[in-house]
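Let's take a walk through this protein together. Have the sequence and the 3D view ready, and we'll begin with a question.

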Amino acid sequence: MGTKVLLLAFMVLFLLAPVQSAEKVEQTEEYLSKAIEFHGHLGPYLVLGLRAGLYANQILGKEPMETEAFIKSKTTPPESCFADGVQFSTGCTFGKGNISLEESQGLQVTFRKDNKKLILRLRKEIIEEMNSLPPQEEAWEKLAKDLYKREIKKIFEIL
Ligand SMILES: [Zn+2]
């Protein structure tokens, strides 16, 4: 009878334990709020950086000391806001020197850890979608929230 109670207790614990993947656990409203607090405002490039970084964590494992991130984009806001999303999610920081930002057309990030490499390139459709947005802040926030939930492969080409 003691064993049955113990077994039941384990089952209850197991059912209560969150059994979600790393990205799902982190990709919550609360996580986004913390990132906004870090960055200062909600924008699509912040969210794109978060999504890229969370995906890299999932594929390569989150190792803030061992991962490197190389970003190629415009080096001024709003494009450069992407770097804050990557810093927040991966722990690669300018202070540690394991993230870089290089002036370029388009937007691409390469993650490197051990001998593994992951490249995410922002899809042209997304760039066009952003270029066609009205200047109002609400429109940008709406797109940012939408990009937070959109399927990763519809946002980036994964190389
Ligand atoms: Zn920003």
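What you have here is a predicted model, so local features need pLDDT of at least 70, side-chain atom pairs count only at pLDDT 80 or more, and totals for chains, interfaces and linings use all residues. Residues are numbered from 1 along each chain as its sequence is written.

The protein holds eight helices and five strands. Helices (H or I, at least four residues) and strands (E, at least two) are DSSP runs, numbered from the N terminus. Starting at that end, the order is α-α-α-α-β-α-β-β-β-α-α-α-β. Of the 159 residues, 28% count as buried. Here, a residue is buried if 20 or more other C-beta atoms lie within 10 Å of its own, exposed if 12 or fewer, and partly exposed in between, with the C-beta atoms placed from the backbone. Next come contacts: two residues are in contact if their C-beta atoms, again placed from the backbone, lie within 7 Å. Among contacts with a separation of 6 or more, 74% are between residues 24 or more positions apart.

Now find helix H5 (81–90). In H5, 10 of the 10 residues are buried, so this helix is largely enclosed by the rest of the structure. The cover over its buried residues includes H3, H4, E1, strand E2 (99–103) and E3.

As for the term, a crossing is left-handed if the near helix is turned anticlockwise from the far one by less than a right angle, and right-handed if clockwise. Helix H3 (residues 29–39) packs against H5 at an angle of about 125°, with the axes 10 Å apart. That makes H3 oblique to H5. Axes are lines fitted to C-alpha atoms, for helices over the stretch in contact, and angles run from 0 to 180 degrees between N-to-C directions. Angles under 35 degrees count as roughly parallel, over 145 as roughly antiparallel, 65 to 115 as roughly perpendicular and the rest as oblique. Ala35, Phe38 and His39 of H3 meet Cys81, Asp84, Gly85 and Phe88 of H5. By type, the residues of this contact are four nonpolar, two polar and one charged. In that sorting, Ala, Val, Leu, Ile, Met, Phe, Trp, Tyr, Cys and Pro are nonpolar, Asp, Glu, Lys and Arg are charged, and the others, Gly among them, are polar.

H4 is another partner of H5: the two pack at an angle of about 35°, with axes 6 Å apart. H4 also passes H5 in a right-handed crossing. The residues of this contact divide into 13 nonpolar, six polar and one charged. Look for Gly49, which lies in H4. Gly49 is buried, with 29 other C-beta atoms within 10 Å. Although 32 residues separate Gly49 from Cys81 in sequence, their C-alpha atoms are 7.7 Å apart. Beyond its neighbours within four places in sequence, Gly49 is in contact with Phe82, Ala83, Asp84, Gly85 and Val86.

H4 has H7 beside it too, with axes that come within 8 Å and cross at roughly 10°. That makes H4 roughly parallel to H7. Pro44, Leu46, Val47, Leu48 and Arg51 of H4 meet Trp140, Leu143, Ala144, Leu147 and Tyr148 of H7. This contact has nine nonpolar residues, no polar ones and one charged.

Next, the core. A nonpolar core is a set of buried Ala, Val, Leu, Ile, Met, Phe, Trp, Tyr and Cys residues joined through C-beta atoms within 7 Å. The largest one has 28 residues, of which Ala52, Phe82 and Val86 touch the most other members. H4 gives the most to this core, with nine residues. Leaving aside neighbours within four places in sequence, the contacts of Val86 include Gly49, Ala52, Ile71 and Val109.

Most residues other than glycine have a negative phi, and most peptide bonds are trans. Pro77 and Pro78, however, are joined by a cis peptide bond, with omega about 5°, and Pro78 is in the loop between E1 and H5. Asp114 has a positive phi near 50° and sits in the loop between E3 and E4. With 10 C-beta neighbours inside 10 Å, Asp114 counts as exposed.
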